[in-house]
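Reader: I want a close look at one part here: the aromatic rings and how they pair. Give me the cut-offs as you go, and keep it brisk.

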Amino acid sequence: MLSSGLPSLFSGFTVSDAAGLAGNVLAFVLFVSPIPTFRRIIRNQSTEDFSGLPYIYALLNCLICFWYGMPLISPGIILVATVNSIGAIFQLIYISIFILYAEKAKKMKMLGMLVAILALFLIIVFVSLNFFDFYWRQIVVGYLSVFSLISMFASPLFVINLVIKTRSVEYMPFYLSLSTFLMSLSFFAYGMLKFDPFIYVPNGIGTMLGIFQLALYSYYSSKYGEDTKEPLIASYP
């Protein structure tokens, strides 16, 4: 009975689903990586010199990619929607904490940017549903998600530049770099198996950047030693 039931249980589970689930799990590691930073903010009741902009950008990225993964836009890639919905929740929590403990000027700036990001997302949803048919809706939102993801790669590029300039891996923790690489690789495979260039192209770029980060880490940690600090922001699928 058990042996006959197992095939039917997993008959709908594909290799692409496995890749997407792996990407979801690895993305969760990235979503929780800023927690030490926000523990410090709460403990000191101050945002100090931390910037809230990476979390604003990450929220916009998660919202756009979430919308692209919804069945109304792209049927069959719901795992893109799930991972980015979780990511958006985390970013909203981080932004709320930042606003709570920021100085008045920073608080107002962050509030204004948060409202602008949410308004922009609602405009994207409204326009895509009311002014485009299904085909063009997928194309337009797909390109927006690609541009959003590629813009998020500014963070890894900044970290890479920092490592080369300082000859130190202190701002590039190994496990965070490894998780970023594996997550990008998982979603690259997911996109390839789903024949979706809007997924595999940006995550292919992320995979190459991840390989480069790991190579840099290996080189500089072996030559100059390792002394990691709190991680900077990472990109999301």
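Author: Helices (H or I, at least four residues) and strands (E, at least two) are DSSP runs, numbered from the N terminus. On that basis, the protein has ten helices and zero strands. Read along the sequence, the pattern is α-α-α-α-α-α-α-α-α-α.

This is a predicted model, where local features need pLDDT of at least 70 and side-chain atom pairs count only at pLDDT 80 or more, while totals for chains, interfaces and linings use all residues. Residues are numbered from 1 along each chain as its sequence is written, and side-chain values use heavy atoms, with hydrogens and water left out.

Now the rings. Rings of Phe, Tyr and Trp (its six-membered ring) pair if their centres lie within 6.5 Å; planes under 30 degrees apart are stacked, over 60 edge-to-face, and the rest tilted. Across the whole structure, a search finds twelve aromatic pairs. One of them joins Phe 38 and Tyr 94. This pair is stacked, at 4.7 Å centre to centre and 15° between the planes. It links distant parts of the chain. Phe 38 sits in helix 3 (residues 35–44), Tyr 94 in helix 5, and they are 56 residues apart.

Tyr 94 has another partner, Tyr 55. Why is the pair of Tyr 55 and Tyr 94 edge-to-face? Because the planes are at 65°, with the ring centres 5.9 Å apart. This pair also links distant parts of the chain: Tyr 55 is in helix 4 (residues 53–69), 39 residues from Tyr 94 in helix 5.

Phe 38 is buried. Tyr 94 is buried because its relative accessible area is 3%. Tyr 55, at 10%, is buried too. For the protein as a whole, buried residues make up 46% of 237.

Zoom out one step. Phe 38, Tyr 55 and Tyr 94 belong to one aromatic cluster with Phe 28, Phe 31 and Phe 90. Helix 2 (residues 15–32) has 18 residues and reaches 26 Å from first C-alpha to last, close to the 26 Å expected at 1.5 Å a residue. That expected span is 1.5 Å times one less than the number of residues.

Contact means heavy atoms within 4.5 Å. Among contacts between residues at least 6 apart in sequence, 79% join residues at least 24 apart.

Charged pairing is quickly told. A salt bridge is a side-chain nitrogen of Lys or Arg within 4 Å of a carboxyl oxygen of Asp or Glu. The structure holds one. Glu 48 forms a salt bridge with Arg 40, the closest N and O atoms being 2.6 Å apart. Glu 48 is partly exposed, at 28% relative accessibility. Arg 40 is partly exposed at 29%.

Phe 131 lies in the loop between helix 6 (104–130) and helix 7 (134–152). Phe 131 is exposed, because its relative accessible area is 59%.

Definitions and conventions: Buried means under 20% relative accessible area, exposed over 50%, partly exposed in between (1.4 Å probe, protein chains only).
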